[in-house]
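Let's take a walk through this protein, one piece at a time. Have the sequence and the 3D view ready as you read.

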Amino acid sequence: MQVTVPSFAKLNLDLRVLHKRPDGYHELRTIFQTISLKDTLSIEFDFAKRTQIDLSSSIDIADNLVVRSARLILEHLKIQAWVRFVLEKQIPMGAGLGGGSSNAAAVLLALPALAGRPVPTAELVRLAESLGSDVPFFFYGGTALGCGRGTELYPLPDQPPRWAVVVSSGIHVSTAEAYRALNRTVTDSLTSPTQSPILREFQTIAWMLDGSGLEQLPLKNDFEEPVAEIHRELAAVVRKLRKLGARPALMTGSGSAVFGVFSAAQDARAAANQFRADTAWVVRFLPRRQYLARWRRALGPAMEASHFVRQ
Ligand code: C5P
């Protein structure tokens, strides 16, 4: 059995880091958005006496989430299989675009479909959380509000068609390091809306995200300042995107990719031309319906058993 599945990237349109939690993770509030930039994952699958997982990729990947996710889901299904992945990477790594997480979600969705063994959503989400905080979002896509570790997700209305220029200069930022740079503590009392201007501002943004005016909103990424302290060139890219008309222009995730949003494709293309071709991508916001339709097309009837398609 063989399938080829798309594995899309995300942007964080806004990202606020609150206090450090007793479990070591940080409480956050974020707005996720899937975009058209994607990796392509081909999967060959067959039942076997002993599990064997091969991966060949267009680039070298050290700690690979594809293989880890495959082992996890096969163990969960209690099956032995021969699985061969071919991963064509387009999404820059260590850039805050969720490429690794998206690949992981793709594997968690595809292997049960290939094995003809649907896994209940709650179990799939639990496995996804164990692989990374951004993984569960990729079961849903579209525009979503992320709370807690980033794994508690609520749908937000689709944005009108928008384009973004994503600029990634190849700087690799470690997520754990970025959180450390923020220096939040367990006792930072940022969780009460009455005490926290951060939460009040975030709430306003979430309420106003009805598609009318992304460009008017005070969108922010709390990682941008500390990461730009270490990698000074990032601030210059944000400034350049703003100057070229992007609203907003900010960093995604814990960096280092930066993006600028445009409401017309030709403006995005013109802006992208001002950057080195191999560092800038013009992408489209990908609404949830389209995101899930791409999955359904790839996985066919096996996907219909899943609750995700009913979004
Ligand atoms: O969950 P993920 O593997 O992406 O997290 C990588 C690291 O980032 C964690 O080990 C943790 O140090 C940090 N992190 C955090 N709070 C979050 C998400 C990640 O402190 N909400």
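Ser168 sits in the loop between β7 (163–167) and α4 (175–182). Helices (H or I, at least four residues) and strands (E, at least two) are DSSP runs, numbered from the N terminus. This is a predicted model, in which local features need pLDDT of at least 70 and side-chain atom pairs count only at pLDDT 80 or more, while totals for chains, interfaces and linings use all residues. Residues are numbered from 1 along each chain as its sequence is written, and side-chain values use heavy atoms, with hydrogens and water left out.

Is Ser168 buried or exposed? It counts as buried, because its relative accessibility is 6%. (Buried means under 20% relative accessible area, exposed over 50%, and partly exposed in between, with a 1.4 Å probe and protein chains only.) Leaving aside residues up to four places away in sequence, Ser168 touches Pro92, Ala95, Ala257, Thr279 and Trp281. Contact here means heavy atoms within 4.5 Å.

Next up is strand β5 (residues 143–147), where 5 of 5 residues are buried. Thr143, Leu145 and Cys147 point one way, and Ala144 and Gly146 point the other way. In a regular strand the side chains alternate between the two faces of the sheet.

| Pair | Bridges | Direction |
|---|---|---|
| β2 and β5 | 4 bridges | antiparallel |
| β5 and β6 | 4 bridges | antiparallel |

Gly146 has Thr30 opposite it, and its bridge partner in β6 is Leu153. β5 and β6 make a hairpin with 4 residues between them, and Gly148 in the turn has a positive phi of about 65 degrees.

Now for the greasy part. A nonpolar core is a set of buried Ala, Val, Leu, Ile, Met, Phe, Trp, Tyr and Cys residues joined through side-chain atoms within 4.5 Å. The largest one has 51 residues, and Ile43, Phe85 and Leu111 touch the most other members. Several elements supply at least two residues each, including β1 (2–20), β2 (26–47) and α9 (288–299). The top contributor is α2, with 11 residues. Not counting residues up to four places away in sequence, Leu111 touches Ile43, Phe45, Ala70, Ile73, Leu74, Val83 and Phe85. Another core, of 27 residues, lies apart from this one, and Val17, Val173, Val227 and Ala280 are among its members.

Definitions and conventions. Pairing = 2+ DSSP bridges.
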